[in-house]
Each structure stands twice: as C-alpha cells, then as structure tokens.
Amino acid sequence: MAEDMKERGKSGWLHIEQRELSHTVRHGFPYQPTALAFDPVQKILAIGTRSGGVRLLGRPGVDCHCQHESGAAVLQLQFLINEGALVTACADDTLHLWNLRQRRPAILHSLKFNRERITFCHLPFQSKWLYVGTERGNTHIVNIESFVLSGYVIMWNKAIELSTKTHPGPVVHLSDSPKDEGKLLIGFESGTIVMWDLRVKRADFRIYYDEAIHSVSWHHEGRQFMCSHSDGSLSMWNMRNTAKPFQVTFPHGKTQRDGRKESCKPILKVEYKTSRNSSEAFVVFSGGLSYDKAGRRPTLTIMHGKAITVLEMDYPIVDFMVLCDTPYLNEVQEPYAVVVLLEKDFVVVDLTQSNFPIFENPYPMDVHESPVTCTAYFADCPPDIIPVLYSIGAKHKKTGYSHKEWPVSGGTWTVGSQTYPEIIVTGHADGSIKFWDATAITLQMLYKLKTSKVFENPKSGDVGRSGELVEEDPYAVQMISWCPQSRIFCVVGTSAHVILYRFSKHDANTTITSLEVRLQCEMEDVISPSDTENTPCYSDPSGLSPQPQPPSPRSNTPDSARDSISCLKVKDRMIRMPPGYQAELVVQLLWIDGEPPQQITSLDLNSAYGLLAVGNCNGLAVVDYLQKTILLCMNTLELYGSADPFQRLTRSPRKNRQSTSDFCMRGLSSFYSDSKKRIRTSYQSLTELSDNQVSLDLERSKSPTSAPYSPSLHNDPRGTGEPVSNLRSCHYSPVFYLLDNDHVNGHCTSPTSQPCPSGRARVPGGPEGPRLARRGPGRPPFRKAQSAACMEVSLPVSSLTEESRENSFSRSRSSSVSSIDRETKEAVTTLQFMESYGRKSDSLPTPCLWVGTSLGLVLIIPMSIPMDEQERQEDPVTVAPAGTVLMLKGSILRVSFLDCGGALIHSPYEVWRDQQAPADPDRPRKRKLVNFSPSSSQEASGDCHLAVVCSERQAKVFLMPTQACLYVHNITESSFVLRADVVSVCNSVGLACFCANGHIMTLSLPSLRPLLDVNYLPQTDMRIARTFCFTNGGQALYLCSPTEIQRITYSQEMCDNLQEMLGELFTPIETPEAQNRGFLKGFFGGNSQTFDREELFGEASAGKGSRSLAQHIPGQGGMEGMKAAAGGVVGELARARIALDERGQRLGELEERTALMMTSAETFSKHAHEMMLKCKDKKWYQF
C-alpha cells in the first residue's frame, strides 16, 4: 500500500504554476508619516513616510502603496496637477518623478543632488519647471520633462544684501506671486524674505524679521501674504510697504500685566484662503498654544472672521492641507475641507458647516486603534457570513459625521471578475477583536467584539489577580480560532484564559460558565548523576481530571497564598448580551503554589465534537463545552504513558528555589522602563522593532536556540545571581509573541528554544545519552504578551560549534539537548481534531486529537463521542491518551490531512443554528453535523488517508493507519520555519512555509516537491513573525508595520489577475478653465500667463546646469522600461499599446497647440478689429 502511494505521489497530484510572489495591497494607516499632497483636479491624496513609502489614496478601492528603493524618508510631495505624475523629495537629497498613469506607479526619472541638501520644493500649476531650495540657501530649477538642472540659479548671496554679514539659513519656503508668476518669494529660516524678479535677476524687496519663519501663505490677489513664526505669532505683510508688517497677532497668546505677550509654541504652518460667500478669509494653522498650558493635546485652529475654533487632536500634527475648488492661486479659493495628517491618524474636517464636523473615513485607518497582537486570514468563507456580521456591526457605528461625500474621490475601481468572500480577523492589546471584509483587495470594518466585557474590572487591591500581573492590558488577545461554518469563535488571552463565543442574531440574558484548570508540571529538577541513585519517573494515573496538588516546599512563603486562583474574575451574574458574538464559556488556568499559570501556546476547537483543546508548556487540557466539563488535564509526560520512546533522568526536589512570583507580579513593567507606562506588550514591540530592525544574517549562521537578551530583565535583587549569559526562559509556542526590541534586538528566536540551568557547562554528550530532563515547579514568570520565542539568553555565538548547531535539531526531542544537564519542559505547540486512526490496528477512523509538541513528537489521542444529540448532552466523552507517537525534527507547527487522491480533508463541523432564536414547534432546532469522509475515488485504496505534519525544520507525509512515512523533506537547515499551513491553490493543495530568514516556500502535496522558494523578507522582526499567516487561494498577510497590514500572493493566477483587481489612479479629466480676468487686466499687464519660463530657464538662454551638482538617474518605470521588458507576442501587444499611447500623446499635444494658436489668432483678430474701428474715421494727420 505504501509503495503504491509513493508511486502515485511521484506522478504528481499537484500541478501549480508558481513563478513569482507579488504584493497585492497594503491596508491601514501609513506608519510614521512625514509629508502630504493633494491633486485638486484628480482628487488624489498622497502621503509620504519616514521609511520611504508613498501611499496614494482615492475613492474607496483606489489605494496604492509605492516604495523608494533607498528607503530614505520622504520630505515633500508635489503633484503635477491633472498630469498623472508626482514628484517626491527624499532625505537622501534625491528627487523622483513617479508615473501615476498605470495601476502600479513607477519612477520615470531621478535626480540626485551631490553637494547640497534639499529643504523645500515648489512646482507652479501648469509649469514644467520645479523650484528646489537647499540647505545652503540656494534655489535651483529643474526641468520636469527631462529631469535635468537649468543653468538658472538663485544664489543666496545674490538674494540678500551685500551688507548682510550672516547667512540667511536654509530655504524654508518658495512660491510665485499670484499677481505675477515672474516674481518668486523666497523665505529663509532666519526670518529673511526676498521677492526675486526672475526676469531681471534681482530682488524687488527684502524683509528682515526678528523671528524665524516656518511657512508663508498668499492672499489670492497677490497684494499681501501671511507668515507663521517660531514665537507663535502670525504676521501680515503688504506688498506696497514691506518695511514692517501691517499686522502681527498672537492667536493664543494673552497679554500679561506688564503688557507683553505670553510665550507661545511655534506655529508650524498657516494657510490663508478666501471665500466668495464671505468677506472674511479662512486662516488655518497648527500649533501656537501658550507654553503654560502643559498637557494640552495638539491643536488645529480655524479662524474665520472673529470666530476662532480650536480642534484638539489625539496625536501630534504632521501636516495639513486646505482643499479648495480651484487649482489656480490667483482666484478666490473657496475652501471646503481641511485634510489633517496626524502621527497615527488621518482626519478630514468639513469647512462648509459652522460646527466643523469631520468626514467619516472610508479607509481602514484604525487597524491600530489598539495595537494588533495577532491576525487570522480566512479566504473563501461562507457567502452569508459577511452580510450577517456587517448588519450586526452597523448598529454600533459612530454618529455625528459630516453628511457630505468624502472629498478624496479620485480614480476608478471595479470589483474583479474572480472574487470570493475573504475575512481578516485582528486581535488587539485591549482585548478587542475586529472582523474585516477583505473581499476584492479592499478592507472594510464589519464587526467589533470586546472580550473584556466578560470579566469584572480588576480592583487595585485584588491580590493575585491580573491587575498586578499585567498592569494595562490583561485582556490582550494572544490567539484566535474561528469556525465560519458553525460561527463558533474562540479567543486566547494573555491572562491564560480562553473565551468561547456563539453567534446569535438576538439579544440574550445569560450567565457565563467558568471552568478552572490546574495545568502544572510536577517533575522535579535534575540532579547530577553522582548525587543519588536513579529512581523511576512517577506519573500520576489519576491525571485524567484535575486533582488537588500537595503543598509545595514554598508553602510557607507569602506567595503560596496565591493558589487555585485565576488571573481574572469572570462576571458571575446574569448579563444582557446584544446580538452578535455572545460569550458562553470561559476556561482559565490557575495559579499553583504561588506561581502564575503559563501562557497558552496552542488551541483548537471542533463544533461537531463539541470539544475544545488547550495546551501550554505544562501540558494539555480538553474541555467539553457542551456539557461544560473538563475531560482531560494532564502534563505532557503523562500523555505518553507506555508509549514514551525516551528514557528519563533522575529527579530530586529543588533545593534552593528562588521566588519568581514577585517578578511575575510586575508583568510587563519588567520589560520596559518605568517611564513607558503605556501600551507595551505588542505595540511597544511592534513600533520599536520596526525602527531598529537588525539583519538576520547573524541568525542564519547560528543555532536558533541562541538569542540576544538584555541583562536589565534580570536586575531583580531576588534573582539567583547567576551569569546572564547562562539564563534562559523556556519557550514552546510555535506562535510568536511580542517583545520590546531592547530584549530581542530584532532577532527571531527559534520556537524550540530550551532553557539552560545556570552554572553548568554545555557539553556535547553525556553518559546517559540523549535523555531528557524536565523542569520542576520553577517555571518562567507569567508575562502578558510573552516573547516571540518566549525569551531566552544564550551563550555567545562564538562558543557554538557547527556540531552543536547540528545537534540542536537532530539528536533528540529537544532542540539542543546534547548536555545531560539540560533541563526542559515539553510544550504542546499544535492541536488538531480530526477523524483519523488512533492506532495501527484500527480499521475505521474515529474522532482523534493530534497533539504536536515542542520536541518534535506527535501524539494521537483517540476519543469516543456519542453521536446522538440527546446522548451527547448526557453521556460522557471518553478520552484515551497513550496513543500513537510520530517523530520529526524541531517543534511541530501544523498537522493536516489528505485523502489518497490528494484532496484536503476538512475537519467535521456543526452547521450554525441560532440558539437564542424563539422556539418553533414546527421546526425544532437540531444539531446538523457535516463530516468529510475520504473521497470515493480511493475505494481501491481502502479507508486510508494521509497525514501531513510540518515542524520548524522538516515536513513528513504519513499513511494512516499504517503510519508509514511516505515522503520527507528537510525544509531548511540554516534557519527554521515560523509559520506553516496546508492551503488550496488553483484547485490543488500545497504546503506553504514562512522561514525566519525571510524565505517563503511552497511544497507540493503529498510528494513534498519544492515549487517556490523566494527570499521575500531579508529582515524579519518579531512583529512579522507573530502576525504572518497563509490562507487559501495562494494569499498571505502580515503586519508590515505597527499600523499596516500587507497582503501578498504567491499564486500565478492571482498575479496574472492582479492588474484587473487594482484601481486606476489617473482618470482623464479636463483642467478647469481659469476665470476671465477682464480685458483691461489681460491687455495692460498683470496677467501671469504672459510669463515665459522656457525663455528664462531653457538651455538656450540659461545654459546647462552643473553636472557635478546633480546626477540624473533614468527610471525603470517609463516607456523605455516597458519597451525593454516587452518580448514575444505579449511584447508585440505591449509595443502596439505603447505606440498608440505615444500617438495619442502626440495628437493631444498637437490639439493643445492648435487650440492655443486658434485662441491667439482670435485674440489678435479681436484687437485688430478694435484698432480698425478706432482708426476708421481718423484723418491721416490725426495719427
């Protein structure tokens, strides 16, 4: 049978064409924003970030992320209004021109400045000449079309008076006069303002002000302008008299008794806009508050006439822009909204209403409302689940928003032809759960669930509760499990609790059932082989249910009072629950002998069986949530029974057990400095790690069992006094938790990391051979969001030989148990309910629980479950441990099942029924189970099936029930797998793996042939490791920053259809016509249209710019790159399309020139006719 299966596997059941890996879309708020720009005609918004990213937003569905390869921060953004192009100025003094006329924008040109630093850029409307101000105070001019410097330069020493003895500072502002585009206003940081006449190349006037300038804004008539200063003042200047400002105001500064204004904070930006409907202008600025008002939040002030409105913001203001109807600066602006970019939010204020309401944001900018601690991705969900969740969540939406349409409405987007329901679930640090509709590369909030409502608020004097353990987020979500078919939802929190929810469309008044579990490992510490005689290991046969444990030697300590208590207190009264997910059961792990419970490392539920399984580094508990009873509660060693394939070392009571509970009481406060008393566990690590990412090159060259650790963690005076280099804290979860970068330095630690006792050398072997020692009651302290590999400290990397690294995964169940002095506990790392074979002798599949451990073992626990509904509610479920044991290298990450035809076998489930719905005697609600049996195509092979088991180093396929290993594949030798999932791709099944070195791999099933190996993320931090997850359809996601979710695809079919799914950023729109300024203004001067920049800045008159000053770098995203990439039939089509585009562009240019010539001819004809009429009746001597 096994040989036949191998031959069929070699022929290949999986035919997936995979050649590339591509980003699909990025959701959430741009992390660490730095710049903002808006195209008033296309109505497209751009946001630049500190990491070199650019986010382009239009109408819902139009959302594009671009990235500069250099990763330099974006200083400024400038749209070529209605041209489908964007200029970015980066911190590496490089200008980039982006082409937005394609679904994925690309760089057309780059210009690298070598000797000067870029500080400010200005691009006039309908101009191809970009003004660039530098740190030296010079102003250069760049041709946008060719992206080369003009020979026309405004040097700082020419702009200021020769008698000035000091440097004016960097250029902080550039703008052309609305009245005359031939006049350029230059603002220097020191307070100097120069009006430069571009035609005659000299200054019209100079202003020397005492206070530093931050921004300048013109009145649309060009007769006056306003400046914001560092002392919190606004100064108004009139062009007729520039000797002094005609008005200086301190909007938030009060006059003191001595007549002086109180000191205020700088006004960083001001915008001065006029309106037709009101004679009073809008003045909008940020900052300017007085210093004496400490603790006030950042503000945006709107001054309209005598009315002053101060809008307080939740986060510091990065930038803002006033949106106006017209792109012309010399027309009445008519402002209608203010876009405010905050450090962690994005707000649009409606200026057309007196109370200035904000618009409802259609983008998912609140993913990080509370720090994300875990994610889950479900593709091809039941089609009815999204409308149901949306209808429930819509009842709890906020109100008070502006009733007008969202002003950022550019671009076009249509739902692709190949779409299916997708849902993303995020867990957060405050215990909330968010369900998102992710269908067709969009993201929309569906429903929010708050798990904290299940518990009583922790009291400050509640001894032993999580109020002392984890100070600020005891409800943080650590893990989630969801069955969309049965709509049963399970949440694991950091306070060692599990909450089970059922979905209902009706209100309910119920009492939540609470079960308490004592999961502990009573194995004592290891002693030296020379101390005493070896004694057999004791295994309590009564471990099938929780039993009172004998008192510990520490029972006389104050901490021993904390015994058999839970970290949180469940509400024990009748609770009214609104429609949606309603809590039914809470399972909590208890304190034991003064020690807190270990965090839960694995979870699985099965609605058909009515069972819930929970595991941690102490053992396993199985709960019957239908009968609300605990079926099994055993430590990992007891699960083996006689099937344990390893010998055990001798044990004795720990002689000098040091207290860890006081350390535990501090919870996360021991992980962070006392000054950081905010959200820490996930968000601190999520935000800080991304700032200081450390390359994993070091990790690739050493054993995953070593990881850097900060000694500050062990500054507790009650510590053991052991060397920091020998201290470790055990880990066993395949799911990565979150750490501050101060403690992990951005490195990923292997999930199989094992603890090492202090004061003992690591030796490659021992007289007892590869036998295991298990840790006693001295467990690592409870942490609210424990380490991504549960933290550890190891010996220096240089002390690890190649042999020890190899032994770390190959010698036995431990990741590095070469020393007999090593002590360890075996954690349960994965759980899976399935119809399978518990023993080789079984002839029919029965309900089983597959248990994977951190030492590479898989235990199969058969169960006996009554099938009749009434019997299921009354008769007990029988669980029989000591079943089959399978072995792999490294911690077990995933277990899945295939039939003999290679098709995925899903776990059985119960069809959803609303238990809170009114009873209908005609249609009684009965349990309806769906069981997936092996396909009929394998009748010749009997009832056998395949088990796919993946560990952090290896994948194996077993034939059940014979347990023969059909295929084995070593996934990685230099790294380890962080996440593995069996997924459906293109009507086939494959194994997808994400490694710590950033590689994404896919393997065929069941033959385990490598299909794809892409070095996707050269640097992987804890946040990515914690949140990376695969789903069906060849898709995956991870938290690429603390505020953003990145979705990717490794399916060729998805990559091919991606262009159809993305939105169009550019839409052909006619540029609005300028207002008629009247014949007199147009004929006698003052019309900016008569200014010819080409004549001044062109090569013919100004010459070429210095090549040593700036270097032109051609981009790969233009027509040239497309021509070079085109080839074959696709290339011919691409070339034809390019030719048509080019021909269309030429025709468009020709049409514009023809229209311009016609307009010029009409104007000339009109003037000639007027002259003819004027001179018609004059005599020759009157001329």
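This briefing covers nonpolar cores, strand pairing and aromatic contacts. The model is predicted. Its largest nonpolar core has 35 residues, and a search of the whole structure finds 26 aromatic pairs.

**Nonpolar cores**

- Within the largest nonpolar core, the residues that touch the most other members are Val425, Phe435, Phe489 and Tyr581.
- Helix α3 (residues 385–393) supplies the largest share of this core, with five residues.
- A second, separate core holds 25 residues, among them Ala955, Cys993, Cys995 and Leu1008.
- Beyond its neighbours within four places in sequence, Val425 is in contact with residues including Cys374, Phe378, Ile433, Phe435, Ile480, Trp482 and Phe489.

**Strands and sheets**

- Four strands in the order β18-β19-β20-β21 make an open sheet with antiparallel pairing.
- The edges of this sheet are β18 (213–218) and β21 (247–249); each has a single partner strand, so one side of each is left without a neighbour in the sheet.
- From one strand to the next, the twist averages 20 degrees.
- Strands β19 (residues 224–229) and β20 (residues 234–238) run antiparallel and are joined by five bridges, with Gln224 opposite Asn238 in β20.
- Elsewhere, β14 and β15 (residues 183–188) are paired in the antiparallel sense over five bridges, and they form a hairpin with six residues between them.
- His173 has Gly187 in β15 as its bridge partner.
- Strand β14 (residues 171–176) is largely enclosed by the rest of the structure, because six of its six residues are buried.

**Aromatic pairs**

- Tyr363 and Trp406 form an edge-to-face pair, 5.6 Å centre to centre and with 85 degrees between the planes.
- Tyr363 is in the loop between β28 (346–350) and β29 (372–379) and Trp406 in the loop between α3 and β30 (422–428), so this pair ties together parts 43 residues apart in sequence.
- Phe1030 lies in strand β61 (residues 1029–1031) and Tyr1050 in the loop between β63 (1044–1049) and α13 (1052–1061), so the pair ties together parts 20 residues apart in sequence.
- Phe1030 is buried at 4% relative accessibility, and Tyr1050 is buried with a relative accessible area of 1%.
- Ring pairs also link Phe378, Phe435, Tyr447, Trp482, Phe489, Phe503, Tyr581 and Trp912 into a cluster.

**Charges over rings**

- Arg101 places its charged end over the ring of Phe1066, 4.2 Å from the ring's centre.
- Lys269 lies over the face of Phe320, at 5.2 Å from the ring centre.

How values were computed: Residues numbered from 1 in each chain as written. Predicted model: local features only at pLDDT ≥ 70, side-chain atom pairs only at ≥ 80, totals over all residues. Heavy atoms only, no water. Core = buried A, V, L, I, M, F, W, Y, C linked by side-chain atoms within 4.5 Å. Buried < 20%, exposed > 50% of the residue type's maximum accessible area, 1.4 Å probe, protein only. Helix = DSSP H or I, 4+ residues; strand = E, 2+ residues; numbered from the N terminus. Contact = heavy atoms within 4.5 Å. Pairing = 2+ DSSP bridges. Axes fitted to C-alpha atoms, helices over the stretch in contact; angles between N-to-C directions. Phe/Tyr/Trp six-rings, centres within 6.5 Å; stacked < 30°, edge-to-face > 60°. Lys NZ or Arg CZ within 6 Å of the ring centre and 35° of its normal.
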